[in-house]
Amino acid sequence: MPGHDRHLPLWLKLVFTLWILFWAPSFAVMLGMQNYFWLCNLASFLILAGLWAESRLLLSMQWLSVLLVGMFWALDVGVAWVTGVHPIGGTEYMLDPDHPTLARILSLYHLVLPLVAGFAVTRLGYDRRALIWQAALTGLVIPLTYLFTDAQRNINWVHGPFGTPQDILDPLLYLAGLMLGWPLVLYLPVHVLMCYLQRRGALR
């Protein structure tokens, strides 16, 4: 593969930058700054940085962060849109008429982030250090979310799974389990797949 083919196209960087310039202030006005504690929202900023730096590590980290989350988000919204039932939970706001319409439209970025990160990783290659670094980032963001965001918003599900508060476990024990479970359930399967594709020669 020629060297220039491994670079990311300028149009992608510019389009994604324009998206962030519209999306970020819009969410801040409608939903408040706390909303940026969501790992998927944080991923938007990190993908932007990764695109401009053409950083394999940063983009690989966010590929782990957004792929399964995006798939589960799409499944939950899609099934609920057809049947009225959320099989997973946590996306009820998408069908809530009281939630700002623009915010619901902009939340479709959950479908876009995996495409952008996946394309970038395909071009630049997958960095196997991504699992450790993204797990470490998650381990930092989750306790910060618990300390500095409104419990009623349950951002990153730090007060209960699937957007529902829990009172079965001690809050700190639950938080520790979340810090461990998030990487194991959401990041590790994608990491294993990417390593397999690398061994097969299908990916750098």
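Of the 204 residues of the chain, 45% count as buried, where buried means under 20% relative accessible area, exposed means over 50%, and partly exposed lies in between (1.4 Å probe, protein chains only). The structure is a predicted model, in which local features need pLDDT of at least 70 and side-chain atom pairs count only at pLDDT 80 or more, while totals for chains, interfaces and linings use all residues. Residues are numbered from 1 along each chain as its sequence is written, and side-chain values use heavy atoms, with hydrogens and water left out.

The accessible surface of the chain comes to about 10700 Å², of which 72% belongs to carbon and sulfur atoms; accessible areas come from the Shrake-Rupley method with a 1.4 Å probe, and for residues only the protein chains shown count as cover.

The secondary structure comprises seven helices and zero strands, with helices (H or I, at least four residues) and strands (E, at least two) taken as DSSP runs numbered from the N terminus. Along the sequence this gives the pattern α-α-α-α-α-α-α. The radius of gyration of the chain is 17 Å, close to the 17 Å that the globule rule gives for 204 residues, so the chain is as compact as a globular protein of that length. This radius is taken over C-alpha atoms, and the globule rule is 2.2 Å times the number of residues to the power 0.38. Along the principal axes, the C-alpha atoms fill a box of roughly 55 × 35 × 35 Å. Among contacts with a separation of 6 or more, 69% are between residues 24 or more positions apart, a contact being heavy atoms within 4.5 Å.

An unreviewed UniProt entry lists "transmembrane region" for residues 12–30, 36–53, 65–82, 102–121, 130–148 and 172–197. UniProt positions are given in the numbering used here, feature names are shortened, and annotations may be inferred rather than shown by experiment. In the model, residues 65–82 are 100% helix and 0% strand, with end C-alpha atoms 27 Å apart. Residues 102–121 are 90% helix and 0% strand, and their end C-alpha atoms lie 30 Å apart.

A nonpolar patch on the surface is formed by Phe22, Leu102, Ile105, Leu108, Leu111 and Val112, with about 500 Å² of accessible area together. Helix H4 (101–106) and helix H5 (109–124) are the elements that give two or more residues to this patch. Patches are made of residues with over 30% relative accessible area and no salt bridge, like charges being joined within 9 Å and nonpolar side chains (Val, Leu, Ile, Met, Phe, Trp, Tyr) within 5 Å. Leu108 is placed in the loop between H4 and H5 and is partly exposed, at 39% relative accessible area.

Side chains of opposite charge can pair when their charged atoms come close. The structure holds two salt bridges, each defined as a side-chain nitrogen of Lys or Arg within 4 Å of a carboxyl oxygen of Asp or Glu. One joins the side chains of Glu54 and Lys13 (2.9 Å, N to O). Glu54 lies in the loop between helix H2 (39–53) and helix H3 (56–83) and Lys13 in helix H1 (residues 10–31), so the pair ties together parts that are 41 residues apart in sequence. Lys13 is buried, with a relative accessible area of 9%. Asp127 forms a salt bridge with Arg129, with the closest N and O atoms 2.7 Å apart; Asp127 is buried at 11%, whereas Arg129 is partly exposed at 47%.
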